[in-house]
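I opened my notebook to look up a few spots in a structure. My plan was to go residue by residue and write down what I found.

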Amino acid sequence: MEYFVNRRKVFRGGGASYVLDDLSVGVAFAFSASRYLSTAYEGSPVLKLREDNGNTTSDFKIVGGVLVTNDVNEYTVATWLTNASATNAYAQTWYDQSGNGNDVQQLTNASQPLYVASWSNGRAALQNDAALHLTTVSSFTGSNTLGVSCYVACEEVSSGWNGGIIGDPNATTFGLRFNVQKPKYYADSSSLVETTSNVTRAPHLISYEGNAGAGAQTCTIRVDSVQDATASLVHDQRSGTWVLFNARANPASTGEEFNGYIGELLYAKAEFSTGDRDIAEASLQAWSGTP
């Protein structure tokens, strides 16, 4: 099946690649475990994985839609694991495809998310089921006035009231989270908006959006491209180490991790136009097979 977003053909069965090429504004982070998001990044590694026998690591790129080692062998993940007499692969580094070099990593083996080869729609994802998280390699500076646009193909399995998708160093400031089964936009201390009802524990596209401007601004949560909740909130994004799979980076809290899957995530310190939002949502939904 096919449909059109801003005159661009999008295939529901396979999804449109190179979504970053079609946006009118840049993003700060762009992660995918299963495809290239821009033509400029094609051929580069998307993940560094660790096998669980000898703990060796390898970068993986995508060739012909398949994740393979970034060397002349081009072993699939399954072959690489077999060669190492290993069972599972864990993510040491998730490479940022935005062009900004905002990679996230976890050098402590016991805290690395699991690589899952087939999650939703047969696409790969990273899974957290314990106190796992990835943090930015370099310090990242957010913006309190340019707005926020974040689109994440994910699935919550179980989580506490503050399970973080992405957040800044401080738990009392910025974070995009889950409150048990309710996606939550946490803008500042006691300043938040969450969905009006629980979302099912199944793959979804969650969109967190905040308008640009000083002072309180309209912040919205959309579930599977449908607006669910909105409130007037004051952004407060801190500079420093940012984190995935947790609500804060310093220190990451075992009570604030997101337990579930993340397949793709786009984050921009910018207010997206309706057209850019539609492109981002359609692409991630089609690729991940979310509703």
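My entries follow, grouped by topic.

**Ground rules**

I am working with a predicted model, where local features need pLDDT of at least 70, side-chain atom pairs count only at pLDDT 80 or more, and totals for chains, interfaces and linings use all residues. Residues are numbered from 1 along each chain as its sequence is written, and side-chain values use heavy atoms, with hydrogens and water left out.

**Confidence**

I looked up pLDDT, the predictor's confidence in each residue, from 0 to 100. The chain has a mean pLDDT of 92. I noted that 95% of its residues reach 70 or more. Residues 1-16 are another matter: pLDDT stays under 50 there. The model still has 39 contacts beyond four places in sequence for residues 1-16. A contact means heavy atoms within 4.5 Å. Where pLDDT is low, the predicted coordinates should not be read in detail.

**E209**

Where does E209 sit? I found E209 in strand β17, residues 204-210. Strands (E, at least two residues) and helices (H or I, at least four) are DSSP runs, numbered from the N terminus. Is E209 buried or exposed? E209 counts as buried because its relative accessibility is 12%. The cut-offs are these: buried is under 20% relative accessible area, exposed is over 50%, and partly exposed is in between, with a 1.4 Å probe and protein chains only.

I then checked the surroundings of E209. Beyond four places in sequence, its contacts include V148, Y151, Y185 and R277. The side chain of E209 makes a polar contact with the side chain of Y151 at 2.9 Å. A polar contact is a pair of N or O atoms within 3.5 Å; within protein, one must be able to donate a hydrogen and the other to accept it, and residues adjacent in sequence count only if both atoms are side-chain atoms. I also looked at I221, which is 12 residues from E209 along the chain. Their C-alpha atoms are separated by 6.4 Å.

**S149**

S149 belongs to strand β12, residues 148-159. S149 is buried, since its relative accessible area is 2%. What does the side chain of S149 reach? I found the backbone nitrogen of F272, at 3.0 Å. Among the contacts of S149 beyond four places in sequence are Y208, L266 and Y267.

**T135**

I placed T135 in strand β11, residues 134-136. T135 has a relative accessible area of 17%, so T135 is buried. Beyond four places in sequence, T135 is in contact with residues including D103, T241 and W242.

**Salt bridges**

Side chains of opposite charge can pair when their charged atoms come close. A salt bridge is a side-chain nitrogen of Lys or Arg within 4 Å of a carboxyl oxygen of Asp or Glu. How many salt bridges does the structure hold? I noted seven.

One of them joins R222 and E281, with the closest N and O atoms 2.8 Å apart. This pair links distant parts of the chain: R222 is in strand β18 (residues 216-223), E281 is in helix α3 (residues 274-288), and they are 59 residues apart. R222 is buried at 7% relative accessibility. E281 is buried too, at 2%.

R238 and D236 meet in a salt bridge at 3.0 Å, N to O. R238 is partly exposed at 35%, whereas D236 is buried at 13%. D278 and R277 form another, at 3.3 Å. D278 is partly exposed at 27%, and R277 is buried at 18%.

**Rings**

The structure holds 17 aromatic pairs. F174 and Y267 form an edge-to-face pair, 6.3 Å centre to centre, with 65° between the planes. Rings of Phe, Tyr and Trp (its six-membered ring) pair if their centres lie within 6.5 Å; planes under 30 degrees apart are stacked, over 60 edge-to-face, and the rest tilted. F174 lies in the loop between β13 (163-167) and β14 (175-179) and Y267 lies in strand β21 (residues 258-268), so the pair ties together parts 93 residues apart in sequence. Both F174 and Y267 are buried. I found a cluster linked by ring pairs, and its members include F29, W94, F174 and Y267.

Last, I looked for charges over rings. The test is NZ of Lys or CZ of Arg within 6 Å of the ring centre and within 35 degrees of the ring normal. R123 lies over the face of W287, 3.6 Å from the ring centre. R177 lies over the face of Y186, at 4.2 Å.
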